[in-house]
Amino acid sequence: MPSTPVRRLALCAVLTAAALALSFGENLLPLAVLLPLPGLRLGLANLVTVYALCRLSVREAALILCARCLLAALVGGNAAGLWFSLSGGVLALLTMAAALRFKKFSLVGVCIFGAAAHNTGQIVASLLYFRSPAPLLYLPPLLACSVVTGTVTGFAALFLLKRIPENTA
């Protein structure tokens with residue numbers, strides 16, 4: 001079946017809803033019990049971004065990411081959260097798109113780069129928001145966790161891409 005603009009738009013809407021649900025559902029996973037790092041998350045909504053990068057386009061992945069961040073901020077009532085989500089998400093998206101384009105990295109490697117970029121983007125946003133170098137102290141443990149969270153997300157993305165037929169998009 002050919003991919004029509006309406007079909008692609010509907011798929012983007014479904015993916016945005018899935019990313020939003022994953023983002024809210026992830027708040028129920030208490031990772032702080034395992035690692036005492038405030039704000040640490042697996043990045044499950046990133047699965048949707050990776051899927052969109054692999055099956056759709058960078059433009060559509062960016063639109064899905066921005067819509068998810070905006071809707072999460074509106075529903076959650078956290079305007080500052082929008083700044084941090086977008087800064088991390090956009091840097092992760094650009095990093096993963098570049099890594100996928102080079103075709104030298106596995107999808108797990110691409111997701112690790114994305115997790116590291118997301119954390120780096122949020123630290124940069126923190127530096128600008130708080131106007132203090134203190135957030136830089138938080139970057140090394142976050143980058144170490146990026147390897148674990150990116151690996152989990154990467155294997156989950158591989159599973160999804162194998163299970164969801166390519167002609168869905």
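Val 90 counts as partly exposed because its relative accessibility is 33%, where buried means under 20% relative accessible area, exposed means over 50% and partly exposed lies in between (1.4 Å probe, protein chains only). This residue belongs to helix α4; helices (H or I, at least four residues) and strands (E, at least two) are DSSP runs, numbered from the N terminus. The model is predicted, so local features need pLDDT of at least 70 and side-chain atom pairs count only at pLDDT 80 or more, while totals for chains, interfaces and linings use all residues. Residues are numbered from 1 along each chain as its sequence is written, and side-chain values use heavy atoms, with hydrogens and water left out.

**Nonpolar cores**

- A nonpolar core is a set of buried Ala, Val, Leu, Ile, Met, Phe, Trp, Tyr and Cys residues joined through side-chain atoms within 4.5 Å.
- In the largest nonpolar core there are 26 residues, and those with the most contacts inside it are Leu 15, Val 50, Leu 53, Leu 56, Ile 64 and Leu 107.
- Two or more residues of this core come from each of α1 (5-26), α2 (46-55), α3 (58-76), α4 (79-102), α5 (107-130) and α6 (139-163).
- Helix α2 supplies the largest share of this core, 6 residues.
- A second, separate core has 6 residues, including Leu 40, Ile 123, Leu 139 and Cys 145.
- In soluble globular proteins, nonpolar side chains tend to be buried together.
- Leu 15 is in contact (heavy atoms within 4.5 Å) with Val 48, Tyr 51, Leu 56 and Ile 64, leaving aside its neighbours within four places in sequence.

- Two packed helices are described by the angle between their axes and the distance between the axes.
- Axes are lines fitted to C-alpha atoms, for helices over the stretch in contact, and angles run from 0 to 180 degrees between N-to-C directions.
- For α2 and α6 the packing angle is about 50°, and their axes are 10 Å apart.
- These two helices, α2 and α6, are therefore oblique to each other; angles under 35 degrees count as roughly parallel, over 145 as roughly antiparallel, 65 to 115 as roughly perpendicular and the rest as oblique.
- The crossing in which α2 passes α6 is right-handed; a crossing is right-handed if the near helix is turned clockwise from the far one by less than a right angle, and left-handed if anticlockwise.
- From α2, the residues Asn 46, Leu 47, Val 50, Tyr 51, Cys 54 and Arg 55 meet Thr 153, Ala 156, Ala 157, Leu 160 and Leu 161 in α6.
- The contact of α2 with α6 is made of 8 nonpolar, 2 polar and 1 charged residues, where Ala, Val, Leu, Ile, Met, Phe, Trp, Tyr, Cys and Pro count as nonpolar, Asp, Glu, Lys and Arg as charged, and the others, Gly among them, as polar.

**Packing of α5 with α6**

- Helices α5 and α6 pack at an angle of about 140°, and their axes are 7 Å apart.
- By that angle, α5 and α6 are therefore oblique to each other.
- Residues in the contact of α5 with α6 divide into 15 nonpolar, 8 polar and no charged.
- Helix α5 passes α6 in a right-handed crossing.

**Buried polar and charged positions**

- Glu 26, in helix α1, counts as buried because its relative accessibility is 5%.
- Apart from neighbours within four places in sequence, Glu 26 is in contact with Arg 41, Leu 42, Gly 43 and Leu 44.
- Asn 46, in helix α2, is buried, with a relative accessible area of 17%.
- Beyond its neighbours within four places in sequence, Asn 46 is in contact with Met 96 and Thr 153.
- Ser 126, in helix α5, counts as buried at 12% relative accessibility.
- Leaving out neighbours within four places in sequence, Ser 126 is in contact with Phe 84, Arg 131 and Pro 135.

**Loop residues with positive phi**

- Most residues other than glycine have a negative phi, and most peptide bonds are trans.
- Lys 103, in the loop between α4 and α5, has a positive phi near 55° and is not a glycine.
- Lys 103 is exposed, with a relative accessible area of 73%.
- Arg 131, in the loop between α5 and α6, has a positive phi of about 50° although it is not a glycine.
- Arg 131 is exposed, with a relative accessible area of 76%.

**Distances between residues**

- Val 90 and Ala 117 lie 27 residues apart in sequence, and their C-alpha atoms are 8.9 Å apart in space.
- Asn 46 and Leu 9 are 37 residues apart along the chain, with 19 Å between their C-alpha atoms.
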